Amino acid sequence: FSRLDLLWMFPTFCGMCTGAWTNWRFTRIVCCPCYTLMYKCYPRLVGQNLLQALGRKLGWYPHVVVIEDIMAGDLPWQGDGDFYVHISTDLSPPACTSSVATNPQVVNWGEKLSLRLRNHPWEEKVHVEIRDLNI
């Protein structure tokens, strides 16, 4: 667990509360005037889990970021190489693409990688590396 995981345990009651009760469909059934007024003032929150939206705003709950169609050029390499992309974050396990045997002038990977990131100063930076397979 990281420090941010421990912080997120308090508003979720150690993971027992998912915040599903804050969904707009449920609050429409209950007809709570507080929620109706809030959703009229903040229409972008309609259909969102308010607990998760608050967690994202504070940087405690992760966003999912998708990286696709990665392209790199002018790699400092002599001759052809088997290159792959290695991306490491604090939350997600390291993500790697398949290797591409090509000239280092322009290398293109057409895969999708999903990363879970939190927008908080305690979170580690995302490290993107282009490596050679060395076979």
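User: In this predicted model, are Glu123 and Arg118 buried or exposed?

Analyst: The model is predicted. Glu123 sits in the loop between S5 and strand S6 (127-132). Its relative accessibility is 8%, and the cut-off for burial is under 20%. Both Glu123 and Arg118 are buried.

User: What is the N to O distance in the salt bridge between the side chains of Glu123 and Arg118?

Analyst: Leaving aside neighbours within four places in sequence, Glu123 is in contact with Leu4, Asp90, Leu91 and Arg118. With the side chain of Arg118, the side chain of Glu123 makes a polar contact. The two side chains also meet in a salt bridge, and its N to O distance is 3.3 Å.

User: How many residues apart in sequence are the parts that the pair Glu68 and Lys112 ties together?

Analyst: The side chains of Glu68 and Lys112 form a salt bridge at 3.8 Å, N to O. Glu68 lies in strand S1 and Lys112 in strand S5, so the parts tied together by this pair are separated in sequence by 44 residues.

User: How many salt bridges does the count come to?

Analyst: Side chains of opposite charge can pair when their charged atoms come close. Arg131 and Glu129 meet in a salt bridge at 2.8 Å, N to O; Arg131 is partly exposed at 30% relative accessible area, and Glu129 is partly exposed at 34%. The other pairs are Glu68 with Lys112 and Glu123 with Arg118. The count comes to 3.

User: Which residues does Ala95 touch, not counting residues up to four places away in sequence?

Analyst: In soluble globular proteins, nonpolar side chains tend to be buried together. With residues up to four places away in sequence not counted, Ala95 touches Val85, His86, Ile87, Leu113 and Leu115.

User: With the side chain of which residue does the side chain of Gln52 make a polar contact?

Analyst: Gln52 is found in helix H4 (residues 50-58), and at 21% relative accessible area Gln52 is partly exposed. Leaving aside neighbours within four places in sequence, Gln52 is in contact with Trp8, Thr18 and Tyr61. Trp8 is 44 residues from Gln52 in sequence, and their C-alpha atoms are 9.9 Å apart. The polar contact, at 3.2 Å, is between the side chains of Gln52 and Tyr61.

User: Which residue just after H4 takes a positive phi?

Analyst: Within H4, the residues Leu50, Leu51, Ala53 and Gly55 are buried. Just after this helix, a positive phi of about 85° is taken by Gly59.

User: In what order do the elements of the chain run from the N terminus on?

Analyst: There are 4 helices and 6 strands in the chain. Among contacts between residues at least 6 apart in sequence, 66% join residues at least 24 apart. From the N terminus on, the order is α-α-α-α-β-β-β-β-β-β.

Technical notes:
Residues numbered from 1 in each chain as written. Predicted model: local features only at pLDDT ≥ 70, side-chain atom pairs only at ≥ 80, totals over all residues. Heavy atoms only, no water. Contact = heavy atoms within 4.5 Å. Helix = DSSP H or I, 4+ residues; strand = E, 2+ residues; numbered from the N terminus. Buried < 20%, exposed > 50% of the residue type's maximum accessible area, 1.4 Å probe, protein only. Polar contact = N/O pair within 3.5 Å; in protein donor to acceptor, adjacent residues only side chain to side chain. Salt bridge = Lys/Arg side-chain N within 4 Å of Asp/Glu carboxyl O.
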